[in-house]
Protein chains: 2
Amino acid sequence: MASDASRGVLDEPVSDVISRVRFDSAGLVPAIVQQWDSGEVLMVAWMDEAALRATLTDQRGTYFSRSRGRQWVKGETSGNTQRVLGVHLDCDADAVLVQVDQHGPACHTGEHSCFDVEGRQSGTAGNDGR
Amino acid sequence: MASDASRGVLDEPVSDVISRVRFDSAGLVPAIVQQWDSGEVLMVAWMDEAALRATLTDQRGTYFSRSRGRQWVKGETSGNTQRVLGVHLDCDADAVLVQVDQHGPACHTGEHSCFDVEGRQSGTAGNDGR
């Protein structure tokens, strides 16, 4: 697995990146958040233009809550912050991959990841998942 | 990284999984497609209920094209198929993580991944990305 994160569009001017992204009709783009070294997918969130701009500028994972209708910084209340090491757009620029160093659990449930991949994701061959 | 994939909801009755997923107002859910062993995020696509059902049943990556308005099976024309080894829902069941064994490039551009992570994602420490 990666031993050195690619910074991707973090090295480009923020306004250039913003202009390339194809936000949906609600002004949002899905953000896939991945632990930079293990490759584990931690969570999926959404970004509006301001959240993407903040993520690129501050290099803290910043998203837009569709239910609360406002921007949030991951860890602002829980302390489980995300240091952003790489940001990548997909081939048609309508999804964002955010590679982070996650401090503490990524999921609001207290689980390491929002996906139920605990069993074998980090396990050894033949591990039965317990 | 994982040396054994967790099958996740592949071991549950398909109808139970379908009933748990919170499809959006367009009847879709984002699907994050990850190479099962390296952890690389290959692509983001969308699934309607039928595409998710097909993915769970046939264990071939099957999606819904928003631009073409129809279901498609990854590799049906290119031959770059995806054998599905694990499917996972996130904590609020509005995103799907699909762990696959990707045959050939995942991206329609011919790149291995739809994300521009070529440089260092699989590289060694100190690799300058060439």
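The model described here is predicted. B:Glu76, with a relative accessible area of 45%, is therefore partly exposed. This residue is found in the loop of chain B that runs between strand S4 (70-73) and strand S5. B:Glu76 lies 14 residues from B:Thr62 in sequence, and the C-alpha atoms of B:Glu76 and B:Thr62 are 9.6 Å apart in space.

## Chain A in outline

Chain A contains three helices and six strands. Read from the N terminus on, its elements follow the order α-β-β-α-β-β-β-β-α. Of the 130 residues in chain A, 51% are buried.

Taking contacts between residues at least 6 apart in sequence, 48% join residues at least 24 apart.

## The sheet of chain A

In chain A, four strands form an open sheet with mixed pairing, in the order S2-S1-S6-S5. The edges are taken by strand S2 (41-47) and strand S5 (82-89) of chain A; each has a single partner strand, so one side of each has no neighbour in the sheet. From one strand to the next, the twist averages 25 degrees.

S5(A) pairs with strand S6 (residues 96-102) of chain A over seven bridges, in the antiparallel sense. Within this pairing, A:Arg83 stands opposite A:Asp101 in S6(A). Helix H2 (residues 49-58) of chain A packs on the sheet, where it touches S2 and S5 of chain A. The direction of H2 makes about 130 degrees with that of S2(A).

How many of the eight residues of strand S5 (residues 82-89) of chain B are buried? Seven of them are, so S5(B) is largely enclosed by the rest of the structure. In a regular strand, side chains alternate between the two faces of the sheet.

S5(B) is joined by seven bridges to strand S6 (residues 96-102) of chain B, and the two strands run antiparallel. Opposite B:Val87 stands B:Val98, which belongs to S6(B). The hairpin of S5(B) and S6(B) has six residues between the strands, and B:Ala93 in this hairpin takes a positive phi near 60 degrees.

## Salt bridges

Over all chains, the structure holds 14 salt bridges. One of them joins A:Glu49 to A:Arg53, with 3.2 Å between the closest N and O atoms. Both A:Glu49 and A:Arg53 belong to helix H2 of chain A and are four residues apart, which is about one turn of the helix. A:Glu49 is partly exposed at 39% relative accessibility, and A:Arg53 is partly exposed at 36%.

In chain B, a salt bridge connects the side chains of B:Glu12 and B:Arg20, at 2.8 Å from N to O. B:Glu12 has a relative accessible area of 31% and is partly exposed. B:Arg20 is likewise partly exposed, at 41%. Another salt bridge forms between B:Asp101 and B:Arg83, whose closest N and O atoms are 3.8 Å apart. This pair links distant parts of the chain: B:Asp101 lies in strand S6 of chain B and B:Arg83 in strand S5 of chain B, 18 residues apart. B:Asp101 counts as partly exposed, with 29% relative accessibility.

## Aromatic pairs

Three aromatic pairs occur in the structure over all chains. In one of them, A:Tyr63 and A:Trp72 have ring centres 5.3 Å apart and ring planes at 50 degrees, so the pair is tilted. A:Tyr63 and A:Trp72 are both buried.

What is the geometry of the B:Tyr63 and B:Trp72 rings? Their centres are 5.3 Å apart and their planes lie at 45 degrees, so this pair is tilted. B:Tyr63 is buried, with a relative accessible area of 0%. B:Trp72, at 17%, is buried, because the limit for that class is under 20%.

Note on methods
Residues are numbered from 1 along each chain as its sequence is written. Chains are lettered from A and ligands numbered from 1 in the order in which they are written. This is a predicted model: local features need pLDDT of at least 70, side-chain atom pairs count only at pLDDT 80 or more; totals for chains, interfaces and linings use all residues. Side-chain values use heavy atoms; hydrogens and water are left out. Buried means under 20% relative accessible area, exposed over 50%, partly exposed in between (1.4 Å probe, protein chains only). Two strands pair if DSSP finds at least two bridges between them. Rings of Phe, Tyr and Trp (its six-membered ring) pair if their centres lie within 6.5 Å; planes under 30 degrees apart count as stacked, over 60 as edge-to-face and the rest as tilted. Axes are lines fitted to C-alpha atoms, for helices over the stretch in contact, and angles run from 0 to 180 degrees between N-to-C directions. Contact means heavy atoms within 4.5 Å. A salt bridge is a side-chain nitrogen of Lys or Arg within 4 Å of a carboxyl oxygen of Asp or Glu.
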